[in-house]
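Student: Can you walk me through a structure? I'd like the packing first, then a single residue.

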Amino acid sequence: MSVTITPTMVGQVVISGLLAGALYSMVALGLALIFGVMRVINIAHGTLLMLGAYTTFWWFQLLGINPYLSLLASMPLLFAIGLLLQYTLVTRVVNAPELSSLLLTFGISIALVNLARLAFTADLRSVEFLTGAFLVGPLALSKSRLISFAVAVAITLFAYWFLQKTKLGKALRATSQSSEVAMVCGINVPRIHLYAFGIASALAAAGGSLVAVMFAIQPEMGQVYTFKSFLVIVLGGAGNYPGALLGGMLLGLVEQLSSLFLTTQLSEAVAYLLLVLVLLLRPTGLLGGRAR
Amino acid sequence: MRRAVAAALAVALVLLALYPLVATGYGIRFMLQLFMWIALAQSWNLISGLTGYVSFGHVAFFGTGAYAGAILIATHGWHWIPASLMAGVAAVILALIIGYPCLRLKGPYFAISMLGLNEVMRVLVSYFEGLTGGGLGLSLPTLYASVAIYYATGLAAVAVTAGAHLIITSRFGLRLMTIREDEIAAEAMGIDTARHKLYAFLLSAFVPGVVGAFFARDQGYIEPISVFPLITTITMIVMALFGGKGTIWGPVLGAVTLFVFQELVWVRFLYLHEILFGALIVGVVLVMPRGVLGVLQQRYRLPRTV
């Protein structure tokens, strides 16, 4: 393409990258939590995000409630669904070979996506709430993206604080480090698993609610977020929680920068190449993580 | 016992070969698709059933083959048989490019990288419009050859099942299964795990490539979403899991059972049938992780070579 690239465009892209990256970090933190605590890659993570997006859509559509307030509904709802999934199904494959848990969550994901199609139809839906952009000098900042950035950063910081300071957060981190030792120390590990899945689902739901205001939603939207979240935790180092933050920002930047030089579609392919490259160079991710 | 089984198999093959003489158009298409699913489920089995490396994007090879075949036929005027073989080669080349880095990844990393591969292939195919027609798709010249494609797909299904038999009963197969059980131990025993996994992956990619081209020839029109759907990968996985992954006849049993069910029952309920597929994966993983044949093998001490 023969478009000349100006510094303004680069600035715009970097900002968009960081705005998108905060959302990725928040969503991926949930995946990292489940993986850290249970060694389970939850293929249904993006599907839970999709359910969060629909919660926001219906609240807005039927009740006219401010989509950002619907976080108060989507997060508890998905927390409960996450708890239920963990309690009934996922708990049975926690100590099974990794591939069982992959296939199981894959199955859950397919079933949920199609239940959503049955319930909500496959139509593209959107929440027409906040459009337009703030103009800061030569840069245009989309209002909805800016708010989603702020909300995502707030929730992510709260989650880190929670993991660092509260008793439950410490128990979650202890279980990530070694579930045997945690059990010996009197931590109720199965209960920690429940919380981990619940919190992770709530984080995915928050992501879905924020995405709903920015992009069109449909039952299959989640798969791409599962893939991106996975990419983020691989970039950051699987099971490394601050790594998820770094990985999310990095993914946002890479995607936006590559869409400057290529089409948006091809930037997805670039993200994939990034995944393969990182894994080739550092099989445990950028921030180390434990050797597997 | 062995002779009886061999005789039964021979009779079945002869009946299937004669079937087009008496069948209706629908009957032929039904069997053609069944053969396709047997070949696909069996090819997934070769990499994922034997080595434990779950491929979530196996349809990438099917789609690549479909496009390679369609381009050779529509743009370069090839006959569909050599074009299909070349399509298999194209899928193997893709497998070589992607397998070399990705097969070094363990468990979930490999699985997700294959899921990504399928998405990327779909994006690339849509992007290179000059070659592939982009989102508009590619039309192939009309050809009334369902019967010929019936035989070709049937042959592919038989060949890949025979291949699975050869592999599973060979030292090569034993080494692959050793990798599945404990890769580090396999390496310690002196097995070149990287090379073995790559060979299994290449073998496993060839058949979906060829079958993809048959599919393109049979349909006469392909587009990115019709040849790279995630549901095709899911169906392969469910069939192989249901029958019994890592066995010779498991994928065949799974494909026959589920395809017949799908055609007769589930197709009437558009979304329900995918919900059932999802539930089936969950059920198989939780209740019989070794599949129907795996359970039978355990209970009746059937030989490993079933």
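Tutor: We'll go through a helix pair, the core and one serine. It's a predicted model, where local features need pLDDT of at least 70, side-chain atom pairs count only at pLDDT 80 or more, and totals for chains, interfaces and linings use all residues. Residues are numbered from 1 along each chain as its sequence is written, chains are lettered from A and ligands numbered from 1 in the order written, and side-chain values use heavy atoms, leaving out hydrogens and water.

Student: At what angle do helix 2 and helix 12 of chain B cross?

Tutor: Roughly 75°, with the axes of helix 2 (residues 25-51) and helix 12 (residues 230-243) of chain B coming within 8 Å. So helix 2 of chain B is roughly perpendicular to helix 12 of chain B (65 to 115 degrees).

Student: Which residues of helix 2 of chain B make the contact?

Tutor: B:Trp37, B:Leu40, B:Ala41 and B:Trp44, where contact means heavy atoms within 4.5 Å. Helix 12 of chain B brings residues including B:Met236 and B:Ile237. By class, this contact has 8 nonpolar, 2 polar and no charged residues.

Student: And which residues touch the most other members of the largest nonpolar core?

Tutor: A:Phe106, A:Ile108, A:Tyr272, B:Phe56 and B:Phe201, out of 190 residues. Helix 2 of chain B gives the most to this core, with 16 residues.

Student: New topic: is A:Ser74 buried or exposed?

Tutor: A:Ser74 is buried, with a relative accessible area of 0% (buried means under 20%, with a 1.4 Å probe and protein chains only). A:Ser74 sits in helix 3 (residues 71-88) of chain A.

Student: What does the side chain of A:Ser74 pair with?

Tutor: A polar contact of 2.7 Å joins the side chains of A:Ser74 and A:Ser209.

Conventions: Axes fitted to C-alpha atoms, helices over the stretch in contact; angles between N-to-C directions. Helix = DSSP H or I, 4+ residues; strand = E, 2+ residues; numbered from the N terminus. Parallel < 35°, antiparallel > 145°, perpendicular 65-115°, else oblique. Nonpolar A, V, L, I, M, F, W, Y, C, P; charged D, E, K, R; others polar. Buried < 20%, exposed > 50% of the residue type's maximum accessible area, 1.4 Å probe, protein only. Polar contact = N/O pair within 3.5 Å; in protein donor to acceptor, adjacent residues only side chain to side chain. Core = buried A, V, L, I, M, F, W, Y, C linked by side-chain atoms within 4.5 Å.
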